[in-house]
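Hi,

Here is the structure I promised to pass on. Have a look at it first, and then read my notes below.

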Amino acid sequence: MTSVIPGPLQQPLRFGVYTGIELELQAADEVPTAARLGLEPPRFCGQCGRRMVVQVRPDGWDARCSRHGTVDSSELGQR
Ligand SMILES: [Zn+2]
């Protein structure tokens, strides 16, 4: 049990979760302001850059990568 798959938002991230662009290539101003404020759910997996399936709920959101699993806003400690 040594190969644990990191979750979509687990650090270190390789891709911008709002842009799907490799972080090395991503300019800071390409991230929408609302996203930087934590008001929007991530749209892309931070591990592989795949577009995630996002569901917005009244109390938050969850986002699923087919490879890296699901991340839920309630797990992030955000309000
Ligand atoms: Zn992924």
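A quick definition to start with: by donors I mean N, O and S atoms within 2.8 Å of the metal. Keep in mind that this is a predicted model.

With that in hand, the donor residues of the zinc ion follow the spacing C-x2-C-x16-C-x2-H along the sequence. They are Cys-45, Cys-48 and Cys-65, each through SG, plus His-68 through ND1, at 1.9 to 2.4 Å from the zinc ion. The arrangement is tetrahedral because the angles between the four donor atoms run from 105 to 112 degrees, and four donors get that label if all angles lie between 85 and 135 degrees.

Cys-48 comes out at 22% and is partly exposed, since buried means under 20%.

Cys-45 and Cys-65 also turn up in the largest nonpolar core, along with Met-52, Val-54, Trp-61, Ala-63 and Val-71, making seven residues. Strand β2 (residues 60-65) is the biggest contributor to this core, with three residues.

Finally, the strands. β2 runs antiparallel to β3 (residues 69-72), and four bridges join them.

Cheers

Note on methods. Residues are numbered from 1 along each chain as its sequence is written. This is a predicted model: local features need pLDDT of at least 70, side-chain atom pairs count only at pLDDT 80 or more; totals for chains, interfaces and linings use all residues. Side-chain values use heavy atoms; hydrogens and water are left out. Donors are N, O and S atoms within 2.8 Å of the metal (3.2 Å for Na, K and Ca); water is not among the atoms, so sites may look incomplete. Four donors count as tetrahedral if all angles lie between 85 and 135 degrees; four count as square planar and six as octahedral if opposite donors are over 155 degrees apart and all others between 65 and 115; anything else is irregular. Buried means under 20% relative accessible area, exposed over 50%, partly exposed in between (1.4 Å probe, protein chains only). A nonpolar core is a set of buried Ala, Val, Leu, Ile, Met, Phe, Trp, Tyr and Cys residues joined through side-chain atoms within 4.5 Å. Helices (H or I, at least four residues) and strands (E, at least two) are DSSP runs, numbered from the N terminus. Two strands pair if DSSP finds at least two bridges between them.
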